[in-house]
Amino acid sequence: MSRMTPFSSPLLLGFDAMEKTLERIAKNGDGYPPYNIERLGGSDGCLERLRITLAVAGFAESDLDISIEENQLTVRGKQVDERDREFLHRGIAARQFQRMFVLADGMRVTGAALKNGLLAIDLDRPEPERLVRKINIAVTE
């Protein structure tokens, strides 16, 4: 028995990668670190400006890594555990994380800043060029 998906219509061609991305997102259930996504006012030819803010208290700039591969934004954090410290109580763990965001076509990261334990990543989507292309029809006899 095959399962039906939103992309199983024969009219939707080339959406296999999107279907796999949605499945991957559904499996990612860890809520750490908490984050916000906010819409900022668009300006200077941008359709949309967004800011992702992650709560990364205790992480230094050198503990964080932001990368983009194809249309996936990945934020990683890894703290080194200092062995020479003796804790009487340890309630704050040196925890590593990986948080992924799938970006729409045309989205680009414009910058990132770490301030007061919050990592802000700014994104925008420039106005796309409108292209209309005429397709020639070949006639064979």
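The dialogue below goes from the whole chain to single residues and their partners.

Q: What should I know before I start reading?

A: This is a predicted model, in which local features need pLDDT of at least 70 and side-chain atom pairs count only at pLDDT 80 or more, while totals for chains, interfaces and linings use all residues. Residues are numbered from 1 along each chain as its sequence is written, and side-chain values use heavy atoms, with hydrogens and water left out.

Q: How many helices and strands does the protein chain have, and in what pattern?

A: Helices (H or I, at least four residues) and strands (E, at least two) are DSSP runs, numbered from the N terminus. Along the sequence they follow the pattern α-β-β-β-β-β-β-β.

Q: How do I read burial, and what percentage of the residues count as buried?

A: A residue is buried under 20% relative accessible area, exposed over 50%, and partly exposed in between (1.4 Å probe, protein chains only). In this chain of 141 residues, 23% count as buried. Accessible areas come from the Shrake-Rupley method with a 1.4 Å probe, and for residues only the protein chains shown count as cover. The protein chain exposes about 11,500 Å², of which carbon and sulfur atoms supply 52%.

Q: Which residues are in contact with Asp 124, leaving aside its neighbours within four places in sequence?

A: Contact means heavy atoms within 4.5 Å. With those neighbours left aside, Asp 124 is in contact with Cys 46, Glu 48, Arg 49, Gly 106, Met 107, Arg 108 and Thr 110. Asp 124 is found in strand β7, residues 118-126, and is buried with a relative accessible area of 7%. Its C-alpha atom is separated by 6.6 Å from that of Val 109, 15 residues apart along the chain. For the protein chain, residues 24 or more positions apart account for 49% of the contacts with a separation of 6 or more.

Q: What is a polar contact, and which side chain does Asp 124 join in one?

A: A polar contact is a pair of N or O atoms within 3.5 Å; within protein, one must be able to donate a hydrogen and the other to accept it, and residues adjacent in sequence count only if both atoms are side-chain atoms. The side chains of Asp 124 and Arg 108 are joined by one of 2.7 Å. Another case is Arg 99, in strand β5 (residues 97-102). Its side chain reaches the backbone oxygen of Pro 33 at 3.3 Å, and Arg 99 counts as buried at 7% relative accessibility.

Q: How many salt bridges does the structure hold?

A: A salt bridge is a side-chain nitrogen of Lys or Arg within 4 Å of a carboxyl oxygen of Asp or Glu. The structure holds six. In one of them, the closest N and O atoms of Arg 125 and Glu 48 are 2.7 Å apart. Arg 125 lies in strand β7 and Glu 48 in strand β2 (residues 46-55), so this pair ties together parts 77 residues apart in sequence.

Q: What does a salt bridge with an exposed partner look like?

A: Arg 130 forms one with Glu 127, their closest N and O atoms being 3.8 Å apart. Arg 130 is exposed at a relative accessible area of 70%, and Glu 127 counts as partly exposed at 41%. Elsewhere, salt bridges that share partners join Arg 39, Glu 48 and Arg 125 into one network.
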